[in-house]
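Please keep the sequence and the 3D view open as you read.

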Amino acid sequence: MLMLLTFSQNHLELFSSKDVDTVLEKIDGSHNIWLRCIQFRDRTGTAKIINHFQLNPSRIDMIFNRSLTGIDEDMEDCLFDGYEILTHQIKNQEFQVAYGSILLGSNFIITFEIKEIKVLTILLSNIHKQTIDIQGWGVDYILYLILKNILNNYHSVFDYISRQLDDLEDEVLASSGDETTYHKIAAMRQSTRSGRRNFQNIRSLLALMNYEDFQWISQPVKVLFNQELVHQVDNLWQEYQALRVWMSELMEIQRDNIASKTSERINRLTILSSIFLPLTFITGFYGMNFKHMPELEQPWAYPAVIVIIILIVIGSIGFAKKQRWL
């Protein structure tokens with residue numbers, strides 16, 4: 001799906017289509033443009049978009065290469081940012097990450113979303129309803145709004161993670177969890193690394209803006225970045241680190257719980273082995289094929305051996321319980 005937002009001082013229009021040529025025909029060079037490419041994996045269509053905005057053809061490979069994340073500083077045709085955003089959705093005990101690219105030019109911003117980002121859909125809807133006024137701004141203001149909404153989204157994501165950790169902490173401290181609990185925490189900790197990379201990307205952008213030759217963001221928007229996003233990123237970074245420490249502590253406690261349970265099982269098996277060791281000796285002793293074993297011909301011999309075995313078992317279990325081994 002392609003969604004085209006064109007805007008200027010006295011103009012605001014939203015158009016959507018699945019056909020690349022139809023969307024490109026609607027583009028007016030005199031207006032500012034936000035083009036959203038949602039779940040758009042057509043390489044030929046992407047090449048048409050890149051060519052229309054006169055961007056370097058190598059951008060096509062960068063868009064389709066999901067491993068390329070962060071700000072690209074090598075080419076000057078546009079500001080390119082390969083992003084990965086942590087979302088609420090969970091699959092196989094891991095938080096889902098939304099991947100994509102943002103390309104910012106002089107009068108256009110293009111977002112390629114491998115998976116639709118809901119916060120951007122809400123943002124576009126608010127702009128279309130004119131709840132958010134963008135007509136006096138340029139496309140760099142759209143980038144500011146995108147990053148601001150992504151960061152706001154992290155507050156709710158981290159709040160959701162905190163609630164999940166609260167439940168897991170109850171299991172860990174009550175020693176009611178098993179290895180599955182440990183793997184849940186480990187998977188959660190692993191998947192949240194995307195948040196760190198996301199914050200680092202935004203920090204890199206904030207650092208680049210301080211260079212005099214940085215042309216992609218105007219001074220008024222730079223002021224907004226420095227006034228709001230700098231502090232927001234720092235606060236989220238601290239919250240992220242606190243969550244990581246919390247996860248590490250829970251993993252350590254749960255690892256100790258698992259080790260304690262494993263040790264307890266081994267102890268019980270050892271005690272059971274020690275109980276059956278004399279029984280094995282007795283049965284092995286009477287399993288020897290010697291001709292002269294006088295008690296074998298006594299009528300009380302068999303019951304006496306059974307009684308002795310029972311007394312050994314009872315005595316061993318009683319001793320183990322007295323010592324709190326069982």
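The report below goes through aromatic rings, charges over rings, salt bridges, a surface patch and a few individual residues.

This is a predicted model, in which local features need pLDDT of at least 70 and side-chain atom pairs count only at pLDDT 80 or more, while totals for chains, interfaces and linings use all residues. Residues are numbered from 1 along each chain as its sequence is written, and side-chain values use heavy atoms, with hydrogens and water left out.

## Aromatic rings

Let us begin with the rings. Rings of Phe, Tyr and Trp (its six-membered ring) are paired if their centres lie within 6.5 Å; planes under 30 degrees apart count as stacked, over 60 as edge-to-face and the rest as tilted. Searching the whole structure gives 10 aromatic pairs. One of them joins Tyr-154 and Phe-158, a tilted pair with 5.6 Å from centre to centre and 55° between the planes. Both residues belong to helix H5 (residues 139-173), where Tyr-154 and Phe-158 are 4 residues apart, about one turn of the helix. Helices here (H or I, at least four residues) and strands (E, at least two) are DSSP runs, numbered from the N terminus.

Tyr-154 and Phe-158 are both buried. For accessibility, buried means under 20% relative accessible area, exposed means over 50%, and partly exposed is in between (1.4 Å probe, protein chains only). Ring pairs also connect Tyr-154 and Phe-158 with Phe-199, Trp-237 and Tyr-240 in a cluster.

## Charges over rings

Lys-26 has its charged end over the ring of Phe-15, 5.1 Å from the ring centre. Likewise, the charged end of Arg-43 sits over the ring of Phe-64, 5.1 Å from its centre. A charge sits over a ring if NZ of Lys or CZ of Arg is within 6 Å of the ring centre and within 35 degrees of the ring normal.

## Salt bridges

A salt bridge is a side-chain nitrogen of Lys or Arg within 4 Å of a carboxyl oxygen of Asp or Glu. By this rule the count comes to 10 salt bridges, including those in the table.

| Salt bridge | N to O distance |
|---|---|
| Asp-77 and Arg-59 | 2.6 Å |
| Asp-159 and Arg-163 | 2.4 Å |
| Arg-203 and Asp-234 | 3.3 Å |

Asp-77 is partly exposed at 22% relative accessibility, whereas Arg-59 is buried at 0%.

Asp-159 and Arg-163 are both in helix H5, 4 residues apart, or about one helical turn. Asp-159 is partly exposed at 42% relative accessibility, and Arg-163 is partly exposed at 44%.

The salt bridge between Arg-203 and Asp-234 has an N to O distance of 3.3 Å. This pair links distant parts of the chain, with Arg-203 in helix H7 (residues 193-208) and Asp-234 in helix H8, 31 residues apart. Arg-203 is partly exposed, with a relative accessible area of 33%, and Asp-234 is partly exposed at 31%.

Is Lys-222 buried or exposed? Lys-222, in helix H8 (residues 219-285), is buried, with a relative accessible area of 11%. Leaving out residues up to four places away in sequence, Lys-222 touches Met-209, Tyr-211, Phe-214 and Ile-217; contact means heavy atoms within 4.5 Å.

Tyr-286 is in the loop between H8 and helix H9 (301-322) and is partly exposed, with a relative accessible area of 32%.

## Backbone details

Gly-100 is in strand E6 (residues 94-104) and is buried, with a relative accessible area of 10%. Gly-100 is 36 residues from Phe-64 in sequence and 8.5 Å from Phe-64 in space, C-alpha to C-alpha.

Most residues other than glycine have a negative phi. Gln-54, though, has a positive phi near 55°; Gln-54 is in the loop between helix H2 (43-52) and helix H3 (58-64) and is exposed, with a relative accessible area of 72%. Gln-130 also has a positive phi, of about 65°. Gln-130 is in the loop between helix H4 (118-128) and H5, and counts as exposed at 51% relative accessibility.
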